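Thanks, everyone, for making the time this morning.

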Amino acid sequence: MKLSVVVPTHDRNHNLLNLIGSLKNQNFDRNQFELIVVTNLVDPFFESELFKYGVDGILCEVHCSGEKNVNKARNLGIKKSRGEIIFLVDDDCELIDENYLEMVAESHAKFPEAVAIGGSYKVFEESNPLDKAYNCVGRQWQALDHFGSYESSRLVGGNVSYKRSVLEDNSLQFDEEIRFGGSESEFHQRLMREGYQTIYLPNLVVGHLTNLTQDDLIRKAFKQAHSFLKYDIADGFSEKVGRTYQNRRLTMAREPVSYTHQTLPTKRIV
């Protein structure tokens, strides 16, 4: 088995079927990938004919983590996986490129030392303004940490892949105390701090159908802020000082500011 697609899900059955439909459209040997769906809670939908029809033709397993905890669902899905590469994707995403699974596999061949390789989200033209704004913020957060290098720990949990053997051999898993809100960020930063290579590739893009309301956006911001304060997650600058674009620009900007401050006479304003 070359690749395992792991999808944590909760109460978004329509979105999940859209994602599965995009998986069935992939130009990738179906004998070389499996689908592992992990639902937070027991849901009769997964026994329905609608779901069975949706996954027809794909090797699929459904597991239940037993509680609303996205990291617990991710860990269970990874544990049940058999593929050489584990591709973690959210249930509100779609693979908009028919060669996407092949691109994921090829990226791991291109970067054999990388444990984690992630990409970005793309919203659709019909997406509401809040979805577009949230996507812009997320893309900016990722872009700041990879100028001049593909290495970055700023990987999103809904579009990221791992080398399964490295995770298993080193007992690496998501922190299940972080239930929601920046839930994947701590894990990816921990990987980089411990010396594992994590890569961000901006060409790896999946469609994202969030359909956020104003209340959703506020809740997301609160949960992410709570996680960032509690778990020592980087909130702006790279762990590798002097390497990121904004650090270099900041250093360059300080020189003329310091010179001006020292040489210009000061005036007292009355």
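What you see is a predicted model, in which local features need pLDDT of at least 70 and side-chain atom pairs count only at pLDDT 80 or more, while totals for chains, interfaces and linings use all residues. Residues are numbered from 1 along each chain as its sequence is written, and side-chain values use heavy atoms, with hydrogens and water left out.

The protein chain has nine helices and eight strands, where helices (H or I, at least four residues) and strands (E, at least two) are DSSP runs, numbered from the N terminus. Of its 270 residues, 47% count as buried, and here buried means under 20% relative accessible area, exposed means over 50%, and partly exposed lies in between, with a 1.4 Å probe and protein chains only. If we take the contacts in the protein chain with a separation of 6 or more, residues 24 or more positions apart account for 80% of them, a contact being heavy atoms within 4.5 Å.

Let me turn to strand 7, residues 159-163. Why can we call strand 7 largely enclosed by the rest of the structure? Because five of its five residues are buried. In a regular strand the side chains alternate between the two faces of the sheet. In strand 7 both faces are covered, with Asn159, Ser161 and Lys163 buried on one side and Val160 and Tyr162 buried on the other. As for its neighbours, strand 4 (residues 85-89) runs antiparallel to strand 7 and is joined to it by five bridges, and two strands are said to pair if DSSP finds at least two bridges between them. Strand 6, residues 114-122, also pairs with strand 7 in the antiparallel sense, over three bridges.

Next comes the second largest pocket, which holds about 190 Å³ of space. On a 1 Å grid over the protein atoms alone, a pocket is an open set of points with protein on both sides within 12 Å along at least five of seven lines, and its lining residues have an atom within 4 Å of a point; grid points are joined across faces, edges and corners, and the volume is the space filled by probe spheres set on the points. Which element gives the most to the lining of this pocket? That is helix 3, with four residues. The lining includes Asn75, Leu76, Leu167 and Ser171.

Ser171 is found in the loop between helix 6 and helix 7, and at 65% relative accessibility it counts as exposed. Asp11, in the loop between strand 1 and helix 1, likewise is not a glycine and has a positive phi of about 60°; Asp11 is exposed, with a relative accessible area of 62%.

Finally, Asn15 is found in helix 1, residues 13-24. Is Asn15 buried or exposed? Asn15 is buried, because its relative accessible area is 19%. Setting aside residues up to four places away in sequence, Asn15 touches Asp91, Asp92 and Leu209.

Methods: On a 1 Å grid over the protein atoms alone, a cavity is a set of points where a 1.4 Å probe fits but cannot get out, and a pocket is an open set with protein on both sides within 12 Å along at least five of seven lines; lining residues have an atom within 4 Å of a point.
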